[in-house]
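Work through these exercises with the sequence and the 3D view side by side. Try each task before you read its solution.

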Amino acid sequence: MKDKPTVLVTRRLPQAVEDRLRRDYEPRLNPEDRFYSSDELIERAQGADALLPCHTEDLSAEVIARLPDSVRAIANFSVGVDHVDLEAAKARGIIVTNTPDVLSDATAEIAMMLMLGAARRASEGERLVRAGEWRTWSPTFMVGIQVTGKRLGIIGMGRVGLVVARRARGFDMEVHYQDVRRHAASLEAGAVYHETIEDLLPICDFLSIHCPAMPQTRHLINEKTIALLPDGAVVVNAARGTIVDDEALIAALRSGKLAAAGLDVYNNEPDINPAYRELTNTFLLPHIGSATRETRDAMGFRALDNLDAIRAGREPRDRVA
Ligand code: DGY
């Protein structure tokens, strides 16, 4: 890479991150924060040494094959890398990095908010107050599900899952988890390990999804797996929409099999399945898991630390391909 490499930055980034980019690189910024189509991204990447994309960009095998030879690195501003075909990048010798760790606290906050919002009917209540339709208080008014003391199942006990478990303990929840491998007892901190999701689901009053999106986890939450949950369970997803089969989740919310769902991520964002909007037992957020000032700065700095390492010929800390 050149001394001041050219970096195509696909979205507007926090000011401090763009300042550092300007100081150390030749950035091609996107001040209007316009979404680039794949064709436009490829066009803008001509002559660039690196890309700094977000999860909103499609870096499929087809797009990667069309990137100019000048591109040596893709330093993602995201922990999730399901938008990048890692094998295709590897095949072209393009280094790919992500931004783990720095968004775990913020995302865990949103997962807790989804649990609380869904269980305590936050959307319904807020709509009522805003619409000026709140008329009375009564013992049977807007009664929801208590979170405190319930059994929480976590699918994917990685960085975010572990923080969710810690926060949930603050609500006296009994934590259970499923992952490909069991953590050491010190990390588990009393959480109960389940080898399969079939074993985990029947005990989940609340289910929180934190596994990565990949072919093996696509539609992991489907008609069959939802049937294994206790009646009246609450499902929350702050990971990726593709892990959930929308039709199955919507059917279960309609039938009352599930009491509620809290969602921050969706299939085909932002054109989500409209049925989610019509249901009263959904608490819906617009993919803001990592959206705090602290975290967005930290994500940008982490992406730049990775680029700095690549530029210096060192192994980047967060290499995923
Ligand atoms: C991530 O980092 O993967 C978040 O979903 C935001 O992109």
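A polar contact is a pair of N or O atoms within 3.5 Å; within protein, one must be able to donate a hydrogen and the other to accept it, and residues adjacent in sequence count only if both atoms are side-chain atoms. The model is predicted, so local features need pLDDT of at least 70 and side-chain atom pairs count only at pLDDT 80 or more, while totals for chains, interfaces and linings use all residues. Residues are numbered from 1 along each chain as its sequence is written, and side-chain values use heavy atoms, with hydrogens and water left out.

**Exercise 1. The ligand**

Solution: 
- Step 1. Take R240. One of its polar side-chain atoms is 2.8 Å from a ligand oxygen.
- Step 2. Take H55. Here a polar side-chain atom sits 2.7 Å from an oxygen atom of the ligand.
- Step 3. Take V79. This residue uses a backbone N or O atom, 2.7 Å from an oxygen atom of the ligand.

**Exercise 2. Strand β1 and its partners**

Task: Describe β1, its side chains and its pairing.

Solution: 
- Step 1. Locate the strand. Helices (H or I, at least four residues) and strands (E, at least two) are DSSP runs, numbered from the N terminus. β1 covers residues 6–9.
- Step 2. Sort the side chains. T6 and L8 point one way, V7 and V9 the other. All are buried, where buried means under 20% relative accessible area, exposed over 50%, and partly exposed in between (1.4 Å probe, protein chains only).
- Step 3. Find the partners. Two strands pair if DSSP finds at least two bridges between them. β1 runs parallel to β2 (residues 26–28), with three bridges. β1 is also parallel to β3 (residues 50–52), again over three bridges.
- Step 4. Zoom in on V7. P27 stands opposite in β2, and A50 is the bridge partner in β3.
- Step 5. With β1 and β2, α1 makes a right-handed β-α-β unit. Right-handed means that, with the strands pointing away from the viewer, the path from the first strand over the helix to the second runs clockwise.

**Exercise 3. Three residues**

Task: Are L67, D308 and G132 buried, exposed or partly exposed?

Solution: 
- Step 1. L67 lies in the loop between α3 (61–66) and β4 (73–75). Its relative accessible area is 4%, so L67 is buried. Its contacts (heavy atoms within 4.5 Å) include L41, L51 and I94, leaving aside neighbours within four places in sequence.
- Step 2. D308 belongs to helix α13 (residues 293–311). Its value is 18%, so D308 is buried. Not counting residues up to four places away in sequence, D308 touches R20, Y25 and R314.
- Step 3. G132 lies in the loop between α6 (122–130) and β6 (151–155). At 43%, G132 is partly exposed.

**Exercise 4. The largest core**

Task: How many residues has the largest nonpolar core, and which element supplies its largest share?

Solution: 
- Step 1. Define it: a set of buried Ala, Val, Leu, Ile, Met, Phe, Trp, Tyr and Cys residues joined through side-chain atoms within 4.5 Å.
- Step 2. Count: the largest core has 31 residues. L229 and Y276 are among those with the most contacts inside it.
- Step 3. Find the main supplier: α11 gives five residues, the largest share.
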